[in-house]
Amino acid sequence: MAKAYVPGLTISRQTVWHSKRLLPIPGEVLASVGDVVSARQGVARAQLPGEPYPVNIARLLQVSPSDVPKFLLKKLGDPISMDEELAWTGGLFGWSPRSVCAPCGGVVESISPITGQVLIRSEPQVIEVAAYLSGVVTEVVPQEGVVVTSRAAVVQGIFGIGSEAYGEIVLAGQSPEETLTEDRLNSSYRGKIVVGGGRMTEGAVRKAAHLGISALVSGGIDDSDLREILGYDLGVAITGTEKLGTTLVITEGFGEIPMARRTFELFKSKVGCYGSCNGATQIRAGVMRPEVVIPEVEQNNLAISVETGRSQEPVFLTDGAAVRIIRDPWFGVIGKVLKLPHEPLLLDSGAKARVLIVALADGRHVTVPRANVELLET
């Protein structure tokens with residue numbers, strides 16, 4: 001059987017999914033192998049040191065630097081609150097008393113009789129990483145985090161923006177062709193992952209953020225709408241850090257593109273289930289896909305495995321494989337590989353390339369360069 005290497009995109013009603021949850025700095029792991037965790041449960045925690053705030057006591061009290069220690073009301077290592085009095089002097093013969101208050105809460109970290117400065121270290125910032133998936137901890141990475149494994153339905157998209165979001169899956173339309181407009185959204189969707197059909201509009205995105213909707217998932221979006229929403233042209237850098245108030249996952253591409261029917265039907269079968277999603281996208285080296293993951297409620301029969309992710313084996317196209325076409329004129333269309341001719345074919349552009357023949361759902365057979373398709377892993 002013919003084969004060809006191609007990037008993969010997962011759309012599956014049931015698969016075993018692995019999520020590596022790591023801290024940005026060394027810290028404390030809060031879970032052990034075999035623990036059953038919920039999506040929002042903390043599995044690792046670390047503390048980022050607070051910002052240093054120097055306070056020039058000598059200048060503010062108008063005393064010599066060497067005299068500063070005797071005017072301080074706090075000792076080295078003492079905690080202090082914001083606006084709490086740090087140093088005081090009664091002035092000469094009780095005239096012109098002066099005091100200095102702390103600019104922040106924290107700890108007195110250093111006192112210098114040379115410069116007359118006191119350094120206050122603000123409170124550390126606690127960073128906690130959540131499990132993201134409801135599942136089982138299958139691996140612990142010491143001081144860094146864990147790998148959570150879950151049996152789940154998974155839909156990976158073409159493009160997304162925004163960070164991790166959680167919520168119940170709901171539908172805002174009855175077919176994959178319906179445009180996701182603002183009038184389809186209401187306050188009952190607050191905190192939920194709302195699935196549309198075709199293109200999501202700028203108005204829908206803004207209303208979703210206003211209503212507190214966790215995420216919008218739909219087939220397409222106009223690049224002009226995206227530019228208006230973000231306020232700038234999106235470059236090639238990784239997405240996922242945007243602060244829109246809602247996360248966006250685009251399953252098919254840009255423009256008036258309906259969601260693939262099999263994807264829409266998958267979401268329809270999961271209405272009422274709790275899911276997790278992430279809009280982070282990177283299309284260059286180290287590919288990251290936006291995704292919606294919907295774990296099964298019961299994970300009791302999930303085999304514990306130390307595998308930390310999907311197979312790193314090459315992904316191959318074969319006869320009969322499901323693919324999505326990712327270039328015009330059939331952008332976003334899903335079909336099955338009918339043939340993989342060995343010989344390169346002369347294209348309309350004048351270039352020669354290896355191609356494949358794809359059987360579409362409507363019965364048509366189209367010839368497409370192999371670089372213009374993406375394998376759907378099911």
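Reply: Helices (H or I, at least four residues) and strands (E, at least two) are DSSP runs, numbered from the N terminus. Two strands pair if DSSP finds at least two bridges between them. This is a predicted model, where local features need pLDDT of at least 70, side-chain atom pairs need 80 or more, and totals for chains, interfaces and linings use all residues. Residues are numbered from 1 along each chain, and side-chain values use heavy atoms, without hydrogens or water.

Me: OK. How many residues sit between E13 and E14?

Reply: Three residues lie between E13 and E14, which form a hairpin. In the turn, Gln-143 has a positive phi of about 65°.

Me: And how do those two strands pair?

Reply: Strand E13 (residues 135–141) pairs with E14 in the antiparallel sense, over five bridges. Val-137 has Val-148 in E14 as its bridge partner.

Me: How many residues of E14 are buried?

Reply: In E14 (residues 145–156), 12 of 12 residues are buried, meaning under 20% relative accessible area, with exposed over 50% and partly exposed in between (1.4 Å probe, protein chains only).

Me: Different topic. What order do the strands take in the open sheet?

Reply: The order of the four strands is E6-E11-E10-E7, with antiparallel pairing. Strand E6 (52–56) and strand E7 (79–80) are at the edges with a single partner strand each, so one side of each has no neighbour in the sheet. In that sheet, E10 (residues 106–111) and E11 (residues 117–122) are joined by five bridges, and Val-108 is opposite Ile-120 in E11.

Me: Now helices. Which residues of H4 are buried?

Reply: In H4 (residues 223–230) they are Asp-225, Leu-226, Ile-229 and Leu-230. After H4 comes Gly-231, with a positive phi near 85°.

Me: Last bit: how many aromatic pairs?

Reply: Two. Rings of Phe, Tyr and Trp (its six-membered ring) pair if their centres lie within 6.5 Å; planes under 30 degrees apart count as stacked, over 60 as edge-to-face, the rest as tilted. Tyr-132 and Tyr-166 have ring centres 6.2 Å apart and planes at 65°, so that pair is edge-to-face. Both Tyr-132 and Tyr-166 are buried.

Me: Which type is the pair of Phe-159 and Phe-254?

Reply: Their centres are 5.4 Å apart and their planes at 45°, so the pair is tilted. Phe-159 is in strand E15 and Phe-254 in strand E20, so the pair ties together parts 95 residues apart in sequence. Phe-159 is buried at 12% relative accessibility, while Phe-254, at 40%, is partly exposed.
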